[in-house]
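Here is a short briefing for a first look. Please keep the sequence and the 3D view at hand.

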Amino acid sequence: HSAAASSSAVNPPVELEPVPMATEEAPSQPRGLGRRILGIVGGLGYRIVDNMSFVGEVLVDFLDLDKPAYHKEIEDLKKQKKKLAKAKELKEAEEIASIEAPVLAVSLKPGSACVDLATKWTEQELA
């Protein structure tokens, strides 16, 4: 019975004081002149190198130095294939139109009642 009573007793929390880390400087200590100059020169050097790196990346991209030597030929072949596919599609469309057009012209005689209906149908097909 006494063991259960002692285990149910709650100990108050222990408060710890924060310990400053060795790398942190106390804000009350001013930095020396040498430290300030070194920080300025280091920061300036970093900015210069960073900007030079950016300019280098832009130049490499602009001059296509990051692409293989045959990249231009590959792009030209892709464009040529697209152009041939488009021409083939256009030729097929013209063949289909040439087959359908005479049928429409023969079946519709000028002055017939179907001319207005056919005109509306072709306008809907084109839209």
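The notes below go from the overall fold to surface patches, a loop and its salt bridges.

This is a predicted model, in which local features need pLDDT of at least 70, side-chain atom pairs count only at pLDDT 80 or more, and totals for chains, interfaces and linings use all residues. Residues are numbered from 1 along each chain as its sequence is written, and side-chain values use heavy atoms, with hydrogens and water left out.

**Overall fold**

- The protein has four helices and zero strands. Helices (H or I, at least four residues) and strands (E, at least two) are DSSP runs, numbered from the N terminus.
- Along the sequence the pattern reads α-α-α-α.
- Of the 127 residues, 1% are buried. Buried means under 20% relative accessible area, exposed means over 50%, and partly exposed lies in between (1.4 Å probe, protein chains only).
- The protein exposes about 12500 Å², and carbon and sulfur atoms supply 64% of that area. Accessible areas come from the Shrake-Rupley method with a 1.4 Å probe; for residues, only the protein chains shown count as cover.

- H2 has 30 residues. From its first C-alpha to its last it reaches 43 Å, close to the 44 Å expected at 1.5 Å a residue. The expected span is 1.5 Å times one less than the number of residues.
- Phe54 sits in H2, which covers residues 33–62. Phe54 is exposed, at 54% relative accessible area.
- Phe54 also belongs to a nonpolar surface patch with Val55, Val58, Leu59, Val60, Phe62, Leu63 and Leu65. Together they have about 800 Å² of accessible area.
- Patches are made of residues with over 30% relative accessible area and no salt bridge; like charges are joined within 9 Å, and nonpolar side chains (Val, Leu, Ile, Met, Phe, Trp, Tyr) within 5 Å.

- Glu89, Glu92, Glu94 and Glu95 form a negative surface patch. Asp and Glu count as negative and Lys and Arg as positive, while His and the chain ends are not counted. A charge is placed at NZ of Lys, CZ of Arg, CG of Asp or CD of Glu.
- Glu95 lies in H3, residues 71–107. Glu95 is partly exposed, with a relative accessible area of 42%.

**The loop after H2**

- Asp64 is in the loop between H2 and H3. Just after H2, Asp64 takes a positive phi of about 55 degrees.
- Asp64 has this positive phi although it is not a glycine. Most residues other than glycine have a negative phi.
- Asp64 is partly exposed, at 39% relative accessible area.

**Salt bridges**

- The structure holds two salt bridges. A salt bridge is a side-chain nitrogen of Lys or Arg within 4 Å of a carboxyl oxygen of Asp or Glu.
- Lys67 pairs with Asp64 at 3.8 Å, N to O. Lys67 also pairs with Asp66, at 3.6 Å, N to O.
- Lys67 is partly exposed, at 29% relative accessible area. Asp66 is partly exposed too, at 49%.
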